[in-house]
Every structure is written in structure tokens, then in C-alpha cells.
Amino acid sequence: MGLLDKWKNIKETEVEPGIDHTMYLTLKEERRISRENSRIIKQFEREKNRKNVPEEEYLTQMRDPNNVVEFDNLHTYFFTDVGTVKSVNGVTFDIPQGKVVGVVGESGCGKSVTSLSLMQLVQAPQGQIVAGSIRYQSRDGKCYEITKMPKDRMLKVRGKEIAMIFQEPMTSLNPVFKIGEQMDEVVLLHEEGATPKAARERSLEMLNLVGIADPQKVYNNYPHELSGGMRQRVMIAMALSCTPRLIIADEPTTALDVTIQAQILELLRDVKNKINGSIMLITHDLGVIAEMADYVVVMYAGRIIEKGTVREIFHNPKHPYTIGLMRSKPSGKTKDNRLYSIKGQVPNPINMPNHCYFYNRCDRAIGICAEEYPEMIQFTDTHSAACHLCRNGGFMDTNSTKEQR
Amino acid sequence: MIEKEKAAQQTTNSSNQEVKDGYEQHFKVISPGRMVAKRFFRSKLSIAGLYMIVFVFLFSFVGPLIVDATWGYEELEVFKIERIADMVSTADFKGPDGKTYTYYDKSQTLVYFKAPPSAEHWLGTDTSGFDILTRLMYGGRISLTISFIVIFLETIIGVILGGLAGYFGKWVDQLIMRIVDIFACLPGLPVLLVLSATISSIESIPAEHRIYYMMAFLTLMGWTGVARIVRGQILMLREQEYMLAAETTGISPMHKIFRHLVPNTMPQLIVSATLGLGGVILYESTLSYLGLGVPFPRAAWGSMIALADPSKGQEILANYPNMWVPAGVLIVVTVLGFSFIGDGLRDAFDPRMKR
Amino acid sequence: MWNYLLKRVALALVILFGVSALIYLLSMLMPADYIDNQTAAAVQMGAMTLEDVQRLKELYGLADKSLPGIAKSYLSWLTSALSGDLGYSFLYGRPVSDVLSQYIWISFMIAFISYLLEIAIGIPMGIKASVNQYSAYDYTVSVFAMIGTALPSFFLSALLMNVFAIRLGILPLQGLTTATKVFPPNAHFQILLDKAWHLVLPITVLTLLGVGGLMKFTRTNMLEVLNSDYIRTARAKGLSENVVTYKHAFRNTLIPLVTSLSGMLPGLFGGAMITETVFAIPGIGYMALRATQQGDIPFIMGYNMFLAILTVLGMLISDIMYMVVDPRVKLS
């Protein structure tokens with residue numbers, strides 16, 4: 001079958017880190033990867049699907065009892081036919097009680113996958129939490145290790161203790177069920193001994209809480225009869241129904257108008273205080289972070305490159321990427337005619353280099369940046385960054401506008 | 001400006017030579033055709049389909065040549081093979097004591113046809129003495145040829161009408177679309193049967209020409225799908241282009257539409273054609289089964305299966321599977337092969353890869 | 001909503017008109033002496049007079065082949081067809097509508113039972129395949145579905161006959177009743193059972209041929225739904241996979257399913273020409289095939305017109321059901 005082989009043989013180059021070789025894989029290579037993936041995936045899935053797992057297996061202790069969630073060296077990978085995508089590649093941060101933690105980064109940096117890992121909602125079977133731990137402190141004082149929790153136990157946490165709202169309100173609600181039905185569902189599922197009547201009351205109460213003028217009407221509406229802003233409010237109301245400990249908001253305002261954006265953010269902050277919960281706010285919009293967050297985590301290519309309080313990050317960014325982000329925001333104050341953008345692109349997620357991921361886009365890179373990956377360097381007990389330039393204080397003042405163009 | 005960039009590039013190149021890993025991203029450009037082929041071959045079903053179709057093609061077109069070379073058989077060659085066959089007949093009758101008795105008569109006769117499989121005739125011979133294997137090959141040739149011609153004609157008619165509808169719009173579009181709807185609502189098999197039956201009964205049309213009429217009728221049944229695809233594509237492109245053209249002025253968007261039309265429609269057309277091939281083969285074999293398609297004594301898979309018609313006696317159906325089962329199996333293999341390939345192509349062209 | 005409905009009905013009428021015209025044109029293909037040939041025997045026996053033959057020719061536009069002539073005869077044929085008079089069958093010696101109404105119920109019975117079986121088997125299989133995409137189950141089921149659509153009905157029938165009727169001898173070969181059995185006058189149940197037994201094979205054939213298509217349809221739609229955002233929301237609410245699949249996802253798949261399944265309903269009355277003939281079941285498919293092969297023009301025309309009406313009716317029903325099932329298309 002020489003004819004077939006001619007089709008199949010696409011030249012393969014040596015697999016060097018950092019180079020996009022996905023186009024070069026021969027079919028045989030792809031099949032081998034596929035087979036290995038199946039094996040690995042099957043193992044993970046089997047672990048997850050165990051029934052009647054004794055609680056001791058997934059109980060643990062928080063490092064700091066003031067935290068609701070602790071991510072500790074989390075690794076979440078996607079096993080695809082062209083290789084393993086390391087979406088989350090060693091992420092460590094905390095979400096303290098009652099605070100808003102903003103996770104910033106560009107598309108594809110792994111911020112969404114981090115939140116999905118917390119909810120065990122990573123797209124199975126390709127996506128798996130491979131290593132690390134996620135500790136969650138429940139309202140009843142018990143502390144759970146989410147990476148070890150079996151599926152059936154996780155169902156009791158989702159929606160009840162940790163709730164999530166998504167980016168696209170237009171498509172996040174089931175079009176064939178009424179709003180009321182979808183909201184009651186959560187209450188009936190999680191609250192012990194809830195009656196349909198009680199669920200209805202709770203739903204109406206929640207709709208009121210999120211600032212909907214006519215809860216009765218909306219309760220009986222179908223999703224397509226509401227605007228985007230209204231639907232997002234409904235999503236928030238649904239998330240609040242069981243008084244969760246943590247709300248994960250994945251780009252909640254990206255798909256909305258700016259005016260509605262402000263309202264929704266205001267609402268979120270309000271709500272957080274009312275239920276005394278925390279928010280994990282994922283976004284790429286620095287303005288939103290500035291308004292809402294107490295702590296900021298900056299992610300790049302699956303790793304955290306800087307984290308700190310919102311003041312520290314905005315007034316004293318240490319990592320060149322963070323600095324670039326700050327500069328990228330168009331402002332009326334700059335005298336330049338050009339919009340600043342960080343040159344280059346995110347490296348190929350399948351074949352990550354062994355050195356700093358930001359190397360090829362950094363305008364301050366030095367020799368060592370191309371040789372080893374920088375470790376996190378602590379500046380204050382809240383502020384740290386992963387950059388070689390931060391070591392030994394040998395670092396340029398961030399306010400200097402000296403360009404190396 | 002370009003010189004400066006080139007110089008800058010060179011310096012970065014040389015500086016990076018020192019670094020161990022070449023960090024620049026090498027992008028070998030793979031044409032979209034190759035990408036599609038790669039995705040196509042990922043699926044085992046697609047490859048299986050390809051094997052199946054290749055086999056059927058070789059069987060139907062190369063087979064007769066081999067058969068001719070090895071044994072010298074032709075499609076309509078009759079073989080009289082003598083053998084002694086048993087004949088059993090039974091009759092019930094009432095005896096003098098009122099009880100029913102059965103009378104058996106066993107004898108032997110000389111039979112020339114319906115020979116069992118042998119080294120000379122791998123599948124034996126049929127009721128008229130033809131070599132079954134050879135008939136299968138010639139039948140395959142006819143079926144494949146007919147289906148390709150029909151699909152080709154369907155595509156042409158569909159492209160023309162769909163193109164006209166999309167290009168002119170307004171009343172032309174409405175008119176053509178109503179015609180499409182009407183043809184699509186025609187009861188397929190019944191109308192086909194009526195047409196074929198009528199043609200068969202007209203004595204002035206020789207049996208050989210019946211095939212051409214049949215192809216014409218089959219084309220009439222199937223062009224509507226293609227027309228819809230082409231028209232839909234044109235309309236979609238029109239929306240895109242008119243959006244752009246609203247900002248630029250003067251240039252007729254039609255030129256651009258036609259330039260984009262071919263690459264955008266080709267995938268859908270190819271998929272539709274491949275899947276349609278199977279459908280035509282099924283229709284043709286049904287017509288041949290009823291004696292209204294490829295005329296006897298030409299070979300056709302459908303008419304070979306017709307030998308097993310139970311209304312004509314259970315003998316063939318029960319005792320001579322070698323006569324009709326292979327024909328049916330070949331039909332299934334061919335149609336299935338086209339289905340697998342069509343599905344595989346559809347997934348290969350679709351840019352949304354799930355894995 | 002009424003606007004939408006009216007438009008669809010108008011379209012249906014236009015299509016019906018067009019289809020009937022096309023079918024009528026079929027008769028144009030017939031050579032001048034076709035009707036003479038067909039009716040020769042009847043005329044000889046005195047069952048028909050030469051005037052009857054002339055009238056027939058006029059009815060099918062074969063008498064006056066000028067354009068206004070054809071138009072006139074088409075209109076007269078159409079009006080009588082729509083008022084229920086589908087002509088007088090040569091072959092069966094009765095009005096076509098009589099023949100249809102007598103034999104339609106067997107065809108409907110076979111078609112309806114296979115319809116139900118297809119739904120009962122195909123839909124669950126499709127759901128399971130979509131939930132376990134790329135699994136062994138998915139592949140096997142898909143391949144079987146495709147084999148089902150690749151099999152010619154007469155071949156499958158012959159295979160099943162060979163295995164079950166001849167080799168194993170457990171099912172009857174052909175016919176609706178066992179000719180050699182004589183039943184006592186009031187054994188209705190036994191007669192029914194006997195008929196049912198004879199229908200097992202034909203129903204099996206029809207089901208096997210159709211279940212694949214339905215399964216694939218369900219699977220494709222479920223896959224699309226399962227990848228939507230609202231399913232992700234449902235999972236995030238803590239609902240179990242079963243609830244997510246069968247309540248949230250399936251309810252959405254029901255929209256295209258119900259729409260196309262209800263569109264198939266009128267077609268169940270049309271009869272399966274080939275399968276009925278192979279199994280010698282006296283349904284209208286069988287009658288129609290015989291009529292076609294023997295050139296019974298009135299029956300052919302009447303039957304095809306009937307089928308066209310069924311098809312257009314199916315289209316209409318499917319459109320209406322779409323409005324009923326999808327809340328996004330409700331009364332606005």
C-alpha cells in the first residue's frame with residue numbers, strides 16, 4: 001500500500017522543546033500517543049468513579065484555617081491525540097475567607113481550567129488532574145482534598161458549597177425549561193427536606209436579592225425572553241440559592257455591555273458581603289480586577305508568574321509580563337501615539353520549554369532566562385513573582401520608561 | 001524599513017545560535033488538503049471504507065480481465081456442466097384403509113445448470129448456466145458506472161439550478177426552490193418504478209437503452225440535495241460579502257462570491273456525492289431485482305438476488321446460497337464503504353476537532 | 001404564529017399542486033396505444049366499451065395532446081382526485097379508493113409496529129452512544145446502524161427467510177395467514193395470532209432497516225446538545241450525570257426528534273412495496289407494485305397521488321410540531 005504511506009508520511013523533525021511539532025506527527029506517532037493516553041485516562045477515570053469511598057481518604061487539614069480554598073502545586077493536563085497539553089502546570093495560591101481573589105491572564109493561560117479543576121468539571125476524559133492538591137474548607141469545619149474526592153461526593157459540593165457562574169449568559173441557561181424550574185432544581189437538590197413550595201420561595205427571594213424588579217414574572221419566563229444582563233443576574237441568583245462558601249465567576253461580564261458590567265460587578269460585591277463568602281474572579285480585564293479584587297494572581301502559560309494584593313500588583317508590579325499588562329491598558333494619560341502590546345505569542349502548550357515561558361516576549365531578558373525556569377521570589381508575605389530579574393534586587397525601576405525598541 | 005527588520009532578524013538569529021534550543025517557531029506549512037487527508041486517516045472506519053471501495057473497484061474492473069486471462073470466461077457465456085442430481089418428489093394419498101400415506105419417488109436426472117462451486121467456477125453456475133463469479137464482477141461494473149454517472153449528472157444539475165437560484169435571487173430563487181421542494185416531495189421508489197415499468201413495456205425501446213433512461217430517472221430523483229447545498233452556500237457568502245461591501249463601495253460582491261464559492265462548497269458537495277453513491281446503488285439494485293433495471297441477460301447484483309425470490313419457488317432461496325448471497329454482500333460492502341468514506345470525509349473537513 | 005402556519009399550509013398546497021402535475025405528466029410518457037393494449041382484454045370480454053377506453057384516454061390526457069387539452073384533462077383529473085374519486089382500477093376491477101382503504105390497514109400495522117420498535121430501540125441506543133462517545137459501544141452501534149441502512153430490503157428479507165423460515169423453520173415464509181390451516185368460525189384470537197406470527201419477519205426487516213437512521217440522528221443531536229453551555233451549568237449545579245443526560249440534554253434533543261418522528265407518521269400509511277411483495281403480505285405496497293408492473297394506470301396515478309398527499313401532510317405536521325415543542329417558537 002505504498003500509496004497510503006505517501007499520504008501518511010509527513011516529515012517529522014526532532015522533538016525539541018518550544019517548537020511546534022504538532023503538524024509533523026506521523027500517523028504512527030499519533031496512534032502511539034492515542035493508545036498511551038487511553039491507558040492513562042482509564043486509570044484516572046477508574047479512580048474517580050469509585051463508589052462508597054470512606055471519608056478518611058479525602059479528609060485533610062488546611063495550612064491556614066482562614067482560607068476557604070488552597071491550591072497547592074496543581075497540575076491539570078489534557079491528553080490529546082497530538083500530545084499532552086499542560087493547561088495548569090504547577091499553580092499554588094490561596095483564596096481566603098471573605099475576600100475576592102482575581103485571576104488574570106490572557107486566553108489559554110489556564111485560569112478557567114484552574115477553576116474547573118476546583119469543581120472537578122474539567123472536560124473528561126481528556127482532561128485530568130494529574131498532580132498536586134486542592135484543599136477546600138467546608139462550612140461544617142471539615143477540610144476536603146478535592147483531587148481525591150470521588151465523583152458522587154463532589155456532587156454534594158457543587159452548587160451547594162461552591163457555585164460557579166460562566167461567561168456566556170446567553171447560552172448558559174437551558175432553553176426548554178422555565179427560569180423558576182431551573183432555580184428550584186438547585187434548592188430541591190441540595191437542601192434537605194425541601195418542598196417545592198419552599199424552593200419556590202427561596203428562588204423568588206434570590207431573584208429579589210440580585211435586583212430583579214419583578215421576580216414573579218421572571219420566575220415564569222423562559223431564558224430567551226430575558227436580556228443578557230438579566231440572564232446573568234439569574235445565574236448569580238441560582239448560584240446563591242444554597243448560600244455557597246465560594247462563588248467562582250469565570251469572566252462574568254465579558255459578554256455584557258459596559259453599563260451592565262458595572263451593575264453586575266456591584267451586585268457581586270454586594271452579594272459576597274451578604275452571604276459572607278469568597279469570590280474567585282477570573283478575567284482578562286484589569287479594570288475589573290482593580291475594582292473588585294482584594295488579591296490578584298497573574299497566570300501565564302499554565303503557571304503563576306506573580307501574585308499579591310491588588311495594591312502591590314498595580315502599584316509595584318515585579319514581573320515583566322505584569323508590567324506589560326499594566327502598560328497595555330489604553331489610558332488618556334499616555335503621550336504615545338501607539339498602543340502598547342506585548343510582542344510575540346504564548347508558547348505552544350504541548351511542548352513547553354525548560355526555561356522561563358515568557359523569555360521570547362520579554363524585553364528585559366538576560367542570559368539565565370533562557371536556561372532555567374525562575375522560582376517564585378517573595379517580596380512581602382503576600383507579594384511574590386517568578387522572575388530571575390527579581391533576585392538580588394538587580395532589577396530596573398518599574399516606573400522607568402526606558403524602552404529597548 | 002524592511003532592510004532594518006531583516007538585519008534585526010539576522011542579529012537575533014545569530015544570538016540565538018548560542019542558545020541551545022532554537023526557540024524560533026518553525027512552521028512547516030502543510031496545505032489544507034494534506035490536513036484533511038491526515039484527519040481522514042485518523043479514523044479507522046474511514047480507512048476500512050477506503051479498503052472496501054478499492055476492493056470492489058478492483059473486483060469489478062480488474063476482475064473481468066483476470067478472469068478472461070485465466071479462464072477466458074465472458075459475461076454472457078453459458079456453461080453446461082453435466083452432473084447427476086437427485087430428484088425427490090412426494091405425494092400424499094389416501095390408502096384403502098382411510099389413512100394418509102406419503103409416496104416418495106427418488107430418481108436421478110441429468111442437470112446442466114446450477115452447478116455447485118468448483119475449482120473452475122469458484123461460485124458455481126446459476127440457473128441459466130452463467131458463471132456466478134464473473135457475473136458478480138460485471139454486475140459490479142455496471143452498478144459502479146451507473147452510480148458515478150448519475151451522481152455526476154445530479155451534481156451538475158444541482159450546481160446549475162442552485163447557482164441560478166442563489167445568484168439571481170428574488171423570484172428566480174423562489175421559483176427554483178419551489179421546484180426543488182416539489183421534486184423532493186415526489187415519492188421516490190413508486191415513481192421510479194412507474195417510470196421504469198413504463199419504459200420496459202414500450203417495445204420500441206431496446207433493452208440496452210433502458211439503462212440510459214434509468215440513469216436519467218435516478219438523476220431526477222436526487223439533484224435536489226445538491227441544489228439546496230449550493231444555494232445555501234451562495235446565500236451565506238452573500239451575507240458575508242454584502243456586509244463587507246457595505247463599507248467599501250462599487251465593487252460587485254459577486255466576483256468575490258464566486259471565488260469563495262468553490263472552496264467552500266466543495267467539501268459539502270464531496271460528502272453529499274459520496275453518500276449519494278450508496279443511495280443510487282441501492283435504487284439501481286432494487287430496480288434490477290424487480291427486473292426493471294439492468295435487463296437480462298446482462299449481469300446485475302439486484303437481478304442475481306432476484307433468483308432467490310420465494311414466489312418463484314424456495315429451491316434457490318434454500319439450497320443455493322452461492323447464487324444470491326455474494327451479490328447481496330457486495331451491495332452491502334459497496335454502500336457501506338461509501339458511507340464510511342462519506343462520514344470520514346465529513347469529519348475530516350470539519351475544522352472543529354473534538355480530540 | 002398563525003402567520004407562520006398559514007405560510008406553511010400555502011407552501012404545502014403549492015407543492016401538492018406541483019407534485020400532482022408531475023405525476024400527471026408521467027402518463028404523458030405512455031405511447032399512444034398503451035391504453036389500447038392494456039384494455040384490450042377487458043374490451044374483448046365486454047367489461048369495458050370503446051367509449052370507456054376513450055374516456056380513460058381523455059382522463060389521462062392521452063386523447064387530446066394539445067396544451068389546452070392536457071391542461072383541461074389535468075384539471076378534471078385533479079378535481080376528481082381531490083374529491084376522493086381516484087379512478088377505476090383495471091387490475092382489480094374496483095374503484096382505486098376502495099382498494100386502498102381495504103388494504104391500507106395491514107400496511108399501516110406493519111409500519112406502525114416497526115415505527116414503535118425503532119423508537120424503543122434506536123433512541124436509547126443513540127443516547128447511550130452519545131454519552132460514551134468513541135467507546136466500543138459507540139463504534140459497534142454506529143457500524144450496525146450503517147449496515148442497516150446499507151442493506152437492500154429484499155436481500156435482508158431473503159436472508160432472514162433462509163435462516164428463520166427454512167433452516168430453523170420457526171417462522172412462516174410468506175403470506176399473511178397459513179393457507180393450509182382451517183380455523184373454526186369464532187376463533188378470532190387464534191386467527192389474529194396466526195396473522196401476527198406471519199408478520200414477525202416483515203416487521204423485523206422494516207425495523208432493522210430503519211433503526212440505524214434514528215439511532216444516528218439521536219446520537220448526533222445529543223452530542224451537539226451535550227456540548228452546550230447549559231449542560232455545563234447543569235453539571236456545575238451538582239446534578240448527577242443521569243439527570244444531566246436524561247432531563248436536561250434529552251429534553252433538548254426531543255425537539256428535533258419529535259419534529260421528525262411526527263413528520264414520519266403520515267408516511268406509515270404508504271406501504272412498503274418491496275418488503276410486502278417479498279413476504280406476500282397483502283398490503284397496499286404489494287397491490288401497488290403489482291399494479292405498476294401490470295400497467296394499471298388509474299391505480300398507479302391514484303396511489304402516487306395518495307403518497308404525495310401523505311408526504312406533504314408529513315411536512316406540515318412536522319412544522320406544526322416544531323412550533324409546539326420548542327418554547328422559543330411559541331405564540332409571540
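In chain A, A:Val103 sits opposite A:Val297 of strand 9. The model is a predicted one, in which local features need pLDDT of at least 70, side-chain atom pairs count only at pLDDT 80 or more, and totals for chains, interfaces and linings use all residues. Residues are numbered from 1 along each chain as its sequence is written, while chains are lettered from A and ligands numbered from 1 in the order in which they are written.

Strands here are DSSP runs of E with at least two residues, helices are runs of H or I with at least four residues, and both are numbered from the N terminus. Two strands count as paired if DSSP finds at least two bridges between them.

Strand 9 of chain A also pairs with strand 10 (residues 303-309) of chain A, this time antiparallel and over six bridges. Here A:Tyr300 faces A:Arg303 of strand 10. The hairpin made by strands 9 and 10 of chain A has two residues between the strands, and A:Ala301 takes a positive phi near 50°.

Zooming out, chain A has an open sheet of eight strands in the order 6-7-8-3-9-10-12-11, with mixed pairing. Its edges are strand 6 (162-165) and strand 11 (376-378) of chain A, each pairing on one side only. Elsewhere in chain A, strand 7 (residues 246-250) and strand 8 (residues 278-283) pair in the parallel sense over five bridges, and A:Ile247 stands opposite A:Ile279 of strand 8.

Moving to the other chains, 36 residues of chain C are in contact with 36 residues of chain B, where contact means C-beta atoms, placed from the backbone, within 7 Å. On the side of chain C that touches chain B, helix 13 of chain C gives the largest share, seven residues.

Key
Two residues are in contact if their C-beta atoms, placed from the backbone, lie within 7 Å.
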